[in-house]
Amino acid sequence: MIKQRTTEGPERAFLVAVASERQETLWSAEDSLNELEALAKTAGAEVVGKMLQHLRHPDPATYLGKGKVQELAALEQELGFELVIFDDELSPSQQRNLEKALNARVIDRTTLILDIFAQHARTREGRLQVELAQLEYRLPRLSGRGIELSQQAGGSLGAAGVGGAIGVRGPGETRLEIDRRRIRNRLAELRRELEEVREQRTLHRRQRAALTMPVVAVVGYTNAGKSTLFNALSQADVLVENKLFATLDPTTRRVVLPGNQEVLLTDTVGFIQRLPTRLVAAFRATLEEVVDADVLLEVVDVSHENAIEQSETVNEVLRELEAHEKPRVTALNKIDLLPDPDRVDPSLYPNAVVVSALRGWGLEALREKLAQVVAEQMVPLQVLVPYARGDLVELFHRRGRVEQEEHRAEGTLLVGRLPSALAGYYAPYRLQQRRGLLRVPSVRP
Ligand SMILES: Nc1nc2c(ncn2[C@@H]2O[C@H](COP(=O)(O)OP(=O)(O)OP(=O)(O)O)[C@@H](O)[C@H]2O)c(=O)[nH]1
Ligand SMILES: [Mg+2]
(Lines give C-alpha, C1' and ligand atoms only; values in the text may rest on other atoms or scores of the structure.)
(Ligands and ions follow the chains in the order given, each with its own letter.)
Protein backbone atom coordinates (compact mmCIF):
# COMPACT_ATOMS: atom_id res chain seq x y z
CA MET A 1 0.00 0.00 0.00
CA ILE A 2 1.18 3.45 -0.76
CA LYS A 3 0.89 5.85 2.06
CA GLN A 4 -1.08 8.96 1.27
CA ARG A 5 0.33 12.29 2.19
CA THR A 6 -1.11 13.22 5.52
CA THR A 7 0.23 16.68 6.06
CA GLU A 8 0.59 19.76 3.94
CA GLY A 9 4.07 21.15 3.39
CA PRO A 10 7.10 19.51 1.88
CA GLU A 11 7.26 15.74 1.46
CA ARG A 12 9.81 14.18 3.76
CA ALA A 13 12.29 12.23 1.68
CA PHE A 14 15.10 9.82 2.41
CA LEU A 15 17.88 9.35 -0.15
CA VAL A 16 19.69 6.14 -0.99
CA ALA A 17 22.68 5.30 -3.17
CA VAL A 18 24.77 2.23 -3.85
CA ALA A 19 28.47 2.54 -4.57
CA SER A 20 29.21 -0.45 -6.73
CA GLU A 21 32.69 -1.65 -7.53
CA ARG A 22 32.09 -1.31 -11.22
CA GLN A 23 32.31 2.46 -11.34
CA GLU A 24 30.95 3.51 -14.71
CA THR A 25 31.30 7.25 -14.46
CA LEU A 26 33.93 9.53 -13.01
CA TRP A 27 31.41 10.74 -10.45
CA SER A 28 31.83 9.34 -6.97
CA ALA A 29 28.71 7.87 -5.35
CA GLU A 30 29.00 10.50 -2.58
CA ASP A 31 29.04 13.45 -4.96
CA SER A 32 26.19 11.96 -6.95
CA LEU A 33 24.17 11.50 -3.75
CA ASN A 34 24.79 15.14 -2.82
CA GLU A 35 23.56 16.14 -6.24
CA LEU A 36 20.48 13.97 -5.71
CA GLU A 37 19.83 15.98 -2.56
CA ALA A 38 19.92 19.22 -4.55
CA LEU A 39 17.54 17.67 -7.06
CA ALA A 40 15.16 16.51 -4.31
CA LYS A 41 15.13 19.98 -2.76
CA THR A 42 14.50 21.52 -6.16
CA ALA A 43 11.49 19.20 -6.52
CA GLY A 44 10.22 20.51 -3.20
CA ALA A 45 11.15 17.74 -0.79
CA GLU A 46 12.59 18.03 2.67
CA VAL A 47 15.54 15.66 2.87
CA VAL A 48 15.55 13.93 6.27
CA GLY A 49 18.45 11.56 5.71
CA LYS A 50 20.83 9.84 3.31
CA MET A 51 22.25 6.34 3.08
CA LEU A 52 25.12 4.98 1.01
CA GLN A 53 25.84 1.27 0.73
CA HIS A 54 28.99 -0.21 -0.78
CA LEU A 55 28.09 -3.30 -2.76
CA ARG A 56 29.79 -5.33 -5.43
CA HIS A 57 26.57 -5.21 -7.47
CA PRO A 58 23.17 -3.76 -6.63
CA ASP A 59 20.81 -6.55 -5.49
CA PRO A 60 18.66 -7.60 -8.48
CA ALA A 61 15.55 -7.96 -6.28
CA THR A 62 15.78 -5.06 -3.87
CA TYR A 63 18.68 -2.96 -5.19
CA LEU A 64 20.01 -2.61 -1.62
CA GLY A 65 21.18 -5.64 0.33
CA LYS A 66 18.53 -7.35 2.50
CA GLY A 67 20.03 -6.06 5.74
CA LYS A 68 20.06 -2.49 4.47
CA VAL A 69 16.41 -2.75 3.47
CA GLN A 70 15.58 -3.71 7.06
CA GLU A 71 17.73 -0.87 8.33
CA LEU A 72 15.84 1.50 6.05
CA ALA A 73 12.47 0.18 7.32
CA ALA A 74 13.62 0.84 10.89
CA LEU A 75 14.73 4.35 9.97
CA GLU A 76 11.35 4.90 8.44
CA GLN A 77 9.71 4.26 11.80
CA GLU A 78 12.13 6.60 13.46
CA LEU A 79 12.20 9.48 10.98
CA GLY A 80 8.76 9.18 9.43
CA PHE A 81 9.51 9.85 5.78
CA GLU A 82 6.97 9.23 3.06
CA LEU A 83 9.28 9.11 0.07
CA VAL A 84 12.50 7.21 -0.68
CA ILE A 85 14.57 8.35 -3.64
CA PHE A 86 17.20 6.06 -5.14
CA ASP A 87 20.15 7.57 -6.98
CA ASP A 88 19.89 5.17 -9.88
CA GLU A 89 17.38 3.72 -12.27
CA LEU A 90 15.36 1.01 -10.50
CA SER A 91 13.90 -1.92 -12.40
CA PRO A 92 10.10 -2.23 -12.11
CA SER A 93 10.45 -5.29 -9.85
CA GLN A 94 13.05 -3.61 -7.59
CA GLN A 95 10.68 -0.71 -7.15
CA ARG A 96 7.75 -3.02 -6.35
CA ASN A 97 9.73 -5.08 -3.85
CA LEU A 98 11.03 -2.00 -2.10
CA GLU A 99 7.58 -0.50 -1.82
CA LYS A 100 6.37 -3.75 -0.27
CA ALA A 101 9.17 -3.74 2.27
CA LEU A 102 8.69 -0.07 3.12
CA ASN A 103 5.65 2.01 3.81
CA ALA A 104 6.96 4.88 1.75
CA ARG A 105 6.67 5.61 -1.91
CA VAL A 106 9.80 4.66 -3.84
CA ILE A 107 11.04 6.62 -6.82
CA ASP A 108 14.33 6.73 -8.67
CA ARG A 109 16.62 9.44 -10.01
CA THR A 110 15.03 9.48 -13.45
CA THR A 111 11.53 9.89 -12.05
CA LEU A 112 12.77 12.74 -9.88
CA ILE A 113 14.40 14.54 -12.81
CA LEU A 114 11.26 14.06 -14.89
CA ASP A 115 9.24 15.51 -12.03
CA ILE A 116 11.39 18.66 -12.01
CA PHE A 117 11.06 18.90 -15.77
CA ALA A 118 7.28 18.62 -15.38
CA GLN A 119 7.26 21.50 -12.91
CA HIS A 120 9.40 23.71 -15.13
CA ALA A 121 8.03 23.03 -18.61
CA ARG A 122 6.36 26.18 -19.91
CA THR A 123 5.88 25.92 -23.65
CA ARG A 124 3.58 23.50 -25.41
CA GLU A 125 6.59 21.67 -26.80
CA GLY A 126 8.22 21.40 -23.41
CA ARG A 127 5.07 20.00 -21.87
CA LEU A 128 4.61 17.50 -24.67
CA GLN A 129 8.20 16.35 -24.33
CA VAL A 130 7.97 15.89 -20.58
CA GLU A 131 4.71 14.01 -20.79
CA LEU A 132 6.09 11.76 -23.50
CA ALA A 133 9.19 10.98 -21.47
CA GLN A 134 7.17 10.36 -18.30
CA LEU A 135 4.72 8.02 -19.96
CA GLU A 136 7.43 6.10 -21.75
CA TYR A 137 9.18 5.67 -18.45
CA ARG A 138 6.06 4.65 -16.57
CA LEU A 139 4.54 2.28 -19.08
CA PRO A 140 6.74 -0.75 -18.31
CA ARG A 141 6.38 0.02 -14.61
CA LEU A 142 2.60 -0.15 -14.67
CA SER A 143 2.09 -3.89 -15.05
CA GLY A 144 0.04 -5.45 -12.28
CA ARG A 145 -0.11 -2.38 -10.14
CA GLY A 146 -2.71 -0.30 -11.89
CA ILE A 147 -4.98 -0.24 -8.86
CA GLU A 148 -2.32 0.95 -6.46
CA LEU A 149 -1.30 3.60 -8.93
CA SER A 150 -4.78 4.91 -9.41
CA GLN A 151 -5.12 5.31 -5.65
CA GLN A 152 -1.81 7.07 -5.54
CA ALA A 153 -2.72 9.39 -8.34
CA GLY A 154 -6.22 10.15 -7.14
CA GLY A 155 -6.60 13.71 -6.06
CA SER A 156 -2.95 14.47 -5.55
CA LEU A 157 -2.32 15.76 -9.02
CA GLY A 158 -3.12 19.34 -9.79
CA ALA A 159 -3.11 21.01 -13.16
CA ALA A 160 0.29 21.72 -14.65
CA GLY A 161 1.93 19.55 -12.03
CA VAL A 162 1.48 22.06 -9.27
CA GLY A 163 0.90 20.72 -5.80
CA GLY A 164 1.22 17.01 -6.64
CA ALA A 165 3.40 14.45 -4.95
CA ILE A 166 6.99 14.28 -6.16
CA GLY A 167 7.43 11.86 -9.02
CA VAL A 168 3.80 11.67 -10.05
CA ARG A 169 3.24 15.18 -11.31
CA GLY A 170 2.77 15.78 -14.99
CA PRO A 171 2.25 18.84 -17.13
CA GLY A 172 -0.53 17.36 -19.24
CA GLU A 173 -3.92 15.97 -18.50
CA THR A 174 -2.69 12.38 -18.50
CA ARG A 175 -2.69 10.77 -15.08
CA LEU A 176 -1.76 7.41 -13.78
CA GLU A 177 -5.34 6.37 -13.33
CA ILE A 178 -5.56 5.72 -17.02
CA ASP A 179 -4.77 2.18 -18.04
CA ARG A 180 -1.96 1.02 -20.23
CA ARG A 181 -4.07 1.03 -23.38
CA ARG A 182 -4.92 4.64 -22.83
CA ILE A 183 -1.29 5.42 -22.15
CA ARG A 184 -0.32 3.84 -25.46
CA ASN A 185 -2.95 5.89 -27.26
CA ARG A 186 -1.76 9.00 -25.54
CA LEU A 187 1.85 8.19 -26.46
CA ALA A 188 0.90 7.91 -30.12
CA GLU A 189 -0.96 11.19 -29.88
CA LEU A 190 1.98 12.91 -28.19
CA ARG A 191 4.41 11.70 -30.83
CA ARG A 192 2.12 13.03 -33.52
CA GLU A 193 1.75 16.41 -31.84
CA LEU A 194 5.47 16.65 -31.22
CA GLU A 195 6.12 15.88 -34.86
CA GLU A 196 3.92 18.84 -35.77
CA VAL A 197 5.74 21.15 -33.37
CA ARG A 198 9.01 19.86 -34.73
CA GLU A 199 7.99 20.69 -38.28
CA GLN A 200 7.09 24.22 -37.24
CA ARG A 201 10.40 24.52 -35.50
CA THR A 202 12.30 23.32 -38.55
CA LEU A 203 10.45 25.89 -40.63
CA HIS A 204 11.28 28.56 -38.08
CA ARG A 205 14.92 27.53 -38.15
CA ARG A 206 15.01 27.70 -41.94
CA GLN A 207 13.67 31.23 -41.81
CA ARG A 208 16.30 32.03 -39.25
CA ALA A 209 19.00 30.48 -41.40
CA ALA A 210 17.95 32.84 -44.17
CA LEU A 211 19.07 35.67 -41.89
CA THR A 212 22.51 34.03 -41.96
CA MET A 213 23.23 35.08 -38.44
CA PRO A 214 25.56 32.69 -36.69
CA VAL A 215 23.83 30.81 -33.86
CA VAL A 216 25.60 30.54 -30.51
CA ALA A 217 24.08 28.01 -28.09
CA VAL A 218 24.74 28.42 -24.37
CA VAL A 219 25.33 24.94 -22.96
CA GLY A 220 26.47 23.59 -19.63
CA TYR A 221 25.66 21.67 -16.52
CA THR A 222 22.45 22.52 -14.74
CA ASN A 223 22.77 25.52 -12.40
CA ALA A 224 26.12 26.57 -13.92
CA GLY A 225 24.76 30.05 -14.61
CA LYS A 226 23.73 29.74 -18.26
CA SER A 227 20.60 31.87 -17.96
CA THR A 228 22.39 34.48 -15.86
CA LEU A 229 25.09 34.77 -18.50
CA PHE A 230 22.50 34.70 -21.28
CA ASN A 231 20.67 37.59 -19.62
CA ALA A 232 23.88 39.53 -19.05
CA LEU A 233 24.93 39.16 -22.68
CA SER A 234 21.52 39.84 -24.18
CA GLN A 235 19.87 42.08 -21.60
CA ALA A 236 17.08 39.51 -21.58
CA ASP A 237 15.01 38.50 -18.64
CA VAL A 238 15.07 34.72 -18.45
CA LEU A 239 14.11 33.04 -15.19
CA VAL A 240 17.23 32.66 -13.07
CA GLU A 241 16.96 30.46 -10.04
CA ASN A 242 19.23 28.65 -7.70
CA LYS A 243 17.46 25.50 -8.74
CA LEU A 244 18.35 22.69 -11.04
CA PHE A 245 16.69 22.83 -14.44
CA ALA A 246 15.21 26.30 -14.03
CA THR A 247 15.35 26.56 -17.79
CA LEU A 248 13.62 23.95 -19.86
CA ASP A 249 12.52 25.69 -23.00
CA PRO A 250 15.06 27.33 -25.24
CA THR A 251 15.02 31.11 -25.57
CA THR A 252 16.77 32.96 -28.36
CA ARG A 253 17.91 36.60 -28.55
CA ARG A 254 19.83 38.69 -31.01
CA VAL A 255 23.12 39.90 -29.61
CA VAL A 256 25.61 42.34 -31.09
CA LEU A 257 29.23 41.39 -30.48
CA PRO A 258 32.29 43.67 -30.75
CA GLY A 259 32.98 44.60 -34.36
CA ASN A 260 29.20 44.80 -34.80
CA GLN A 261 28.95 41.08 -35.42
CA GLU A 262 25.37 39.99 -34.84
CA VAL A 263 24.64 36.52 -33.53
CA LEU A 264 21.62 34.63 -32.26
CA LEU A 265 22.23 33.53 -28.70
CA THR A 266 20.18 30.57 -27.43
CA ASP A 267 19.78 29.59 -23.79
CA THR A 268 19.18 25.85 -23.35
CA VAL A 269 18.23 23.16 -20.85
CA GLY A 270 21.01 22.13 -18.49
CA PHE A 271 22.78 18.79 -18.66
CA ILE A 272 23.17 16.39 -15.77
CA GLN A 273 25.01 13.15 -15.20
CA ARG A 274 23.10 9.94 -15.77
CA LEU A 275 20.38 11.56 -17.77
CA PRO A 276 19.05 8.46 -19.51
CA THR A 277 19.59 8.45 -23.26
CA ARG A 278 15.86 7.90 -23.66
CA LEU A 279 15.25 11.16 -21.90
CA VAL A 280 17.79 12.98 -23.99
CA ALA A 281 15.92 11.64 -27.02
CA ALA A 282 12.59 12.96 -25.71
CA PHE A 283 14.16 16.41 -25.57
CA ARG A 284 15.53 16.10 -29.06
CA ALA A 285 13.73 19.17 -30.34
CA THR A 286 15.09 21.31 -27.52
CA LEU A 287 18.53 19.92 -28.01
CA GLU A 288 18.34 20.48 -31.75
CA GLU A 289 19.20 24.08 -30.88
CA VAL A 290 22.53 22.75 -29.68
CA VAL A 291 22.99 20.43 -32.65
CA ASP A 292 22.19 23.30 -35.00
CA ALA A 293 24.42 25.93 -33.45
CA ASP A 294 27.50 27.29 -35.19
CA VAL A 295 29.36 27.93 -31.95
CA LEU A 296 28.85 26.58 -28.42
CA LEU A 297 29.28 28.79 -25.37
CA GLU A 298 29.88 26.37 -22.51
CA VAL A 299 29.32 27.72 -19.02
CA VAL A 300 31.29 26.02 -16.26
CA ASP A 301 30.65 26.74 -12.58
CA VAL A 302 34.27 26.81 -11.45
CA SER A 303 33.21 27.34 -7.85
CA HIS A 304 31.56 23.90 -7.74
CA GLU A 305 33.64 21.16 -6.22
CA ASN A 306 32.61 18.87 -9.08
CA ALA A 307 33.38 21.40 -11.83
CA ILE A 308 35.57 18.88 -13.68
CA GLU A 309 33.03 16.05 -13.45
CA GLN A 310 30.31 18.43 -14.58
CA SER A 311 32.31 19.64 -17.55
CA GLU A 312 33.14 16.06 -18.55
CA THR A 313 29.45 15.17 -18.33
CA VAL A 314 28.68 18.08 -20.63
CA ASN A 315 31.28 16.71 -23.05
CA GLU A 316 29.66 13.28 -22.93
CA VAL A 317 26.20 14.64 -23.71
CA LEU A 318 27.63 16.80 -26.50
CA ARG A 319 29.29 13.69 -27.91
CA GLU A 320 25.95 11.86 -27.79
CA LEU A 321 24.45 14.73 -29.73
CA GLU A 322 27.42 14.69 -32.12
CA ALA A 323 28.02 18.35 -31.29
CA HIS A 324 31.31 17.96 -29.43
CA GLU A 325 33.45 19.07 -32.32
CA LYS A 326 31.75 22.41 -32.81
CA PRO A 327 33.86 25.48 -32.11
CA ARG A 328 33.54 26.31 -28.46
CA VAL A 329 34.06 29.22 -26.10
CA THR A 330 34.16 28.44 -22.39
CA ALA A 331 32.91 30.83 -19.72
CA LEU A 332 34.53 29.88 -16.42
CA ASN A 333 31.74 31.29 -14.28
CA LYS A 334 31.11 32.24 -10.63
CA ILE A 335 34.69 33.39 -10.22
CA ASP A 336 33.42 35.79 -7.55
CA LEU A 337 32.84 32.82 -5.24
CA LEU A 338 36.45 31.70 -5.35
CA PRO A 339 38.79 32.88 -2.61
CA ASP A 340 41.73 32.51 -4.99
CA PRO A 341 40.58 33.15 -8.58
CA ASP A 342 44.15 33.00 -9.88
CA ARG A 343 44.16 29.27 -9.36
CA VAL A 344 41.71 28.77 -12.20
CA ASP A 345 43.66 27.64 -15.27
CA PRO A 346 41.80 28.77 -18.42
CA SER A 347 44.23 26.82 -20.63
CA LEU A 348 42.46 23.61 -19.60
CA TYR A 349 39.35 24.60 -21.55
CA PRO A 350 38.86 25.65 -25.17
CA ASN A 351 38.88 29.47 -25.62
CA ALA A 352 38.22 30.03 -21.96
CA VAL A 353 37.45 33.36 -20.32
CA VAL A 354 37.07 33.83 -16.58
CA VAL A 355 33.79 35.56 -15.72
CA SER A 356 31.19 36.29 -13.11
CA ALA A 357 27.87 36.45 -14.92
CA LEU A 358 26.21 37.69 -11.76
CA ARG A 359 28.59 40.59 -11.17
CA GLY A 360 29.26 41.29 -14.83
CA TRP A 361 32.98 40.57 -14.55
CA GLY A 362 34.89 39.54 -17.66
CA LEU A 363 31.92 39.97 -19.97
CA GLU A 364 33.76 42.27 -22.40
CA ALA A 365 36.60 39.77 -22.76
CA LEU A 366 34.03 37.02 -23.29
CA ARG A 367 32.24 39.01 -25.96
CA GLU A 368 35.58 39.65 -27.69
CA LYS A 369 36.43 35.95 -27.57
CA LEU A 370 33.01 35.02 -28.95
CA ALA A 371 33.37 37.54 -31.77
CA GLN A 372 36.77 36.12 -32.59
CA VAL A 373 35.60 32.49 -32.65
CA VAL A 374 32.49 33.37 -34.63
CA ALA A 375 34.67 35.30 -37.10
CA GLU A 376 36.87 32.25 -37.54
CA GLN A 377 33.78 30.48 -38.86
CA MET A 378 33.54 32.99 -41.65
CA VAL A 379 35.35 33.29 -44.96
CA PRO A 380 37.93 36.02 -45.59
CA LEU A 381 36.84 38.51 -48.21
CA GLN A 382 38.30 41.53 -49.98
CA VAL A 383 35.81 43.52 -51.98
CA LEU A 384 35.50 46.83 -53.75
CA VAL A 385 31.85 47.79 -53.58
CA PRO A 386 30.63 50.58 -55.90
CA TYR A 387 29.06 53.50 -54.10
CA ALA A 388 25.70 52.61 -55.65
CA ARG A 389 25.68 49.43 -53.53
CA GLY A 390 25.80 51.01 -50.11
CA ASP A 391 23.42 48.27 -48.97
CA LEU A 392 26.21 45.70 -49.40
CA VAL A 393 28.63 47.83 -47.39
CA GLU A 394 26.03 48.04 -44.66
CA LEU A 395 25.38 44.27 -44.82
CA PHE A 396 29.11 43.56 -44.49
CA HIS A 397 29.25 45.71 -41.37
CA ARG A 398 26.16 44.15 -39.89
CA ARG A 399 26.78 40.47 -40.59
CA GLY A 400 30.50 40.31 -41.04
CA ARG A 401 33.61 41.61 -39.42
CA VAL A 402 35.33 44.53 -41.14
CA GLU A 403 39.07 44.64 -40.63
CA GLN A 404 39.91 47.38 -43.12
CA GLU A 405 37.80 49.97 -44.88
CA GLU A 406 38.88 52.59 -47.42
CA HIS A 407 36.94 54.96 -49.58
CA ARG A 408 38.45 54.84 -53.05
CA ALA A 409 37.49 56.53 -56.28
CA GLU A 410 35.71 53.37 -57.56
CA GLY A 411 33.91 52.59 -54.35
CA THR A 412 34.37 51.27 -50.82
CA LEU A 413 37.18 48.81 -50.21
CA LEU A 414 36.29 46.31 -47.52
CA VAL A 415 38.62 43.68 -46.10
CA GLY A 416 37.30 41.28 -43.48
CA ARG A 417 35.32 38.13 -42.86
CA LEU A 418 31.76 37.22 -43.73
CA PRO A 419 29.50 34.17 -43.22
CA SER A 420 30.15 31.98 -46.23
CA ALA A 421 26.43 32.01 -47.10
CA LEU A 422 26.65 35.73 -47.86
CA ALA A 423 29.87 35.67 -49.84
CA GLY A 424 27.94 35.08 -53.07
CA TYR A 425 26.45 38.58 -52.98
CA TYR A 426 29.91 40.05 -53.25
CA ALA A 427 31.14 37.83 -56.07
CA PRO A 428 31.02 40.64 -58.68
CA TYR A 429 33.09 42.92 -56.47
CA ARG A 430 35.74 40.57 -55.20
CA LEU A 431 39.38 41.52 -55.28
CA GLN A 432 42.16 39.01 -55.69
CA GLN A 433 45.37 39.31 -53.86
CA ARG A 434 48.56 39.26 -55.90
CA ARG A 435 52.02 39.89 -54.54
CA GLY A 436 50.43 41.46 -51.51
CA LEU A 437 48.72 44.10 -53.62
CA LEU A 438 45.02 44.51 -54.07
CA ARG A 439 44.06 44.40 -57.71
CA VAL A 440 40.76 45.35 -59.28
CA PRO A 441 39.59 42.34 -61.36
CA SER A 442 39.59 42.94 -65.08
CA VAL A 443 36.06 41.67 -65.55
CA ARG A 444 33.66 44.15 -64.00
CA PRO A 445 29.88 44.04 -64.10
N1 LIG B 1 27.93 33.98 -7.16
C2 LIG B 1 27.52 33.79 -8.40
N3 LIG B 1 26.36 33.19 -8.62
C4 LIG B 1 25.96 33.01 -9.91
C5 LIG B 1 26.75 33.44 -11.00
N6 LIG B 1 26.11 33.11 -12.13
C7 LIG B 1 24.95 32.52 -11.76
N8 LIG B 1 24.85 32.44 -10.42
C9 LIG B 1 23.76 31.88 -9.64
O10 LIG B 1 23.66 30.49 -9.91
C11 LIG B 1 22.30 30.08 -9.87
C12 LIG B 1 21.93 29.40 -11.15
O13 LIG B 1 21.93 30.32 -12.19
P14 LIG B 1 21.14 30.10 -13.55
O15 LIG B 1 21.54 31.19 -14.48
O16 LIG B 1 19.70 29.88 -13.30
O17 LIG B 1 21.81 28.72 -14.02
P18 LIG B 1 21.44 27.81 -15.29
O19 LIG B 1 22.73 27.24 -15.77
O20 LIG B 1 20.64 28.59 -16.27
O21 LIG B 1 20.58 26.68 -14.59
P22 LIG B 1 19.45 25.71 -15.21
O23 LIG B 1 18.63 26.49 -16.19
O24 LIG B 1 18.71 25.34 -13.98
O25 LIG B 1 20.17 24.56 -15.83
C26 LIG B 1 21.49 31.34 -9.57
O27 LIG B 1 21.26 31.40 -8.19
C28 LIG B 1 22.41 32.46 -10.03
O29 LIG B 1 22.18 33.66 -9.36
C30 LIG B 1 28.00 34.09 -10.72
O31 LIG B 1 28.77 34.50 -11.58
N32 LIG B 1 28.33 34.23 -9.40
MG1 LIG C 1 18.79 28.29 -17.00
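In the predicted model, helix 8 and helix 12 are roughly perpendicular to each other, because the angle at which they pack, about 85°, falls within the range of 65 to 115 degrees that counts as roughly perpendicular. Helix 8 spans residues 226–234 and helix 12 spans residues 363–376, and their axes lie 11 Å apart. On the side of helix 8, the contact is formed by Leu229, Ala232 and Leu233, while helix 12 contributes Leu363, Leu366, Arg367 and Leu370. When these residues are sorted by class, the contact of helix 8 with helix 12 holds 6 nonpolar residues and 1 charged residue, with no polar ones.

A second pair of helices is formed by helix 4, residues 109–120, and helix 5, residues 124–138, which pack at an angle of about 155° with their axes 10 Å apart. Helix 4 is therefore roughly antiparallel to helix 5, since angles over 145 degrees are placed in that category. The crossing of these two helices, helix 4 and helix 5, is left-handed. From helix 4, the residues Thr110, Thr111, Leu114, Asp115, Phe117 and Ala118 take part, and they meet Val130, Ala133, Gln134 and Tyr137 of helix 5. By class, the contact of helix 4 with helix 5 comprises 6 nonpolar, 3 polar and 1 charged residues.

The strands are considered next. In general, the strands of a sheet pair through backbone hydrogen bonds, and this pairing can be either parallel or antiparallel. In this model, an open sheet of 4 strands shows parallel pairing, and the strands follow the order 2-1-3-4. Strand 2, residues 45–55, and strand 4, residues 105–108, stand at the edges of the sheet, and because each has a single partner strand, one side of each is left without a neighbour in the sheet. From one strand to the next, the twist averages 25°. Strand 1, which covers residues 11–20, runs parallel to strand 2 and is joined to it by 10 bridges; one of the residues paired in this way is Glu11, whose bridge partner in strand 2 is Ala45.

Key
Residues numbered from 1 in each chain as written. Chains lettered and ligands numbered in written order. Predicted model: local features only at pLDDT ≥ 70, side-chain atom pairs only at ≥ 80, totals over all residues. Heavy atoms only, no water. Pairing = 2+ DSSP bridges. Axes fitted to C-alpha atoms, helices over the stretch in contact; angles between N-to-C directions. Parallel < 35°, antiparallel > 145°, perpendicular 65-115°, else oblique. Contact = heavy atoms within 4.5 Å. Nonpolar A, V, L, I, M, F, W, Y, C, P; charged D, E, K, R; others polar. Left-handed = near helix turned anticlockwise from the far one by under 90°.
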